[in-house]
Amino acid sequence: MAISRYLESRKNLAGSACGLVGLVLTFVGVAGPYWPVVVAGLYGAGALIAPPERPALPDLPDPSAQLDEVRGDFEKVRAYLTDIDLSVTAAARLRELTELLTALLDQGWSQELLAHDPEGVHSLSRIVRRDLPEAVDSFVRTRWWTRMTPGTESPELHLEQQLGLMKQDAQQLVAALRDTEARRQETHTRYLEDRGGHNGVSA
């Protein structure tokens, strides 16, 4: 297997090409009696100057496939959230956040934009898979201990703050996608202007 890979490698191909030049020099009488040394030397030189083999890239899922996985995980998180008893304020903030996440994970325009935005997919995945479940689970566990020690700081306040911060993250992602669309529109306008030789839209 290793021999087969080497025979097909760039080093062997380049060395063989240079060695062939050495054989040609031998046939025309240039190399003389030292032709084996000339051929071997040219082969070695060709192998040395050949560019290194480029290792194959790992087969990683593209952003579209990752987004499908995040969408499936979000459905699991939503099912989990239905069993959580929240205060009115926390429930309202959670609803606002989940509505934003639902819109971002919609199989429409946002998916098309996120398919070209790995960082956006990463941010969305972080909220869905880590930040939101951890915030709610921490709230549930802390609330149980708080009930045993009345008078301590309400865990609902922390949860409300965390949900608000996650909403800000989601809103920043929405704003970034909106800016991408705006730049795309502006680019198309400039293209049309340049193609027609116009500086602006005539009345």
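Predicted model: local features only at pLDDT ≥ 70, side-chain atom pairs only at ≥ 80, totals over all residues.
Contact is taken here to mean heavy atoms within 4.5 Å.

The chain contains eight helices and zero strands, giving the pattern α-α-α-α-α-α-α-α along the sequence. Of its 203 residues, 27% are buried. The accessible surface of the chain amounts to about 14,100 Å², and carbon and sulfur atoms account for 59% of this area. Among contacts between residues at least 6 apart in sequence, 74% join residues at least 24 apart.

Ser125 lies in helix α7, which spans residues 118-148. Its relative accessible area is 14%, so Ser125 is classed as buried, the cut-off being under 20%. When residues up to four places away in sequence are not counted, Ser125 touches Val70 and Arg130.

Leu177 is placed in helix α8, comprising residues 155-196. Leu177 likewise counts as buried, because its relative accessibility is 6%. With neighbours within four places in sequence left aside, Leu177 is in contact with Leu104, Leu113, Leu114 and Asp117. The C-alpha atom of Leu177 is separated by 8.7 Å from that of Gly120, although the two residues are 57 residues apart along the chain.

Methods
Residues numbered from 1 in each chain as written. Heavy atoms only, no water. Helix = DSSP H or I, 4+ residues; strand = E, 2+ residues; numbered from the N terminus. Buried < 20%, exposed > 50% of the residue type's maximum accessible area, 1.4 Å probe, protein only. Areas by Shrake-Rupley, 256 points an atom, 1.4 Å probe, with all protein chains shown as cover.
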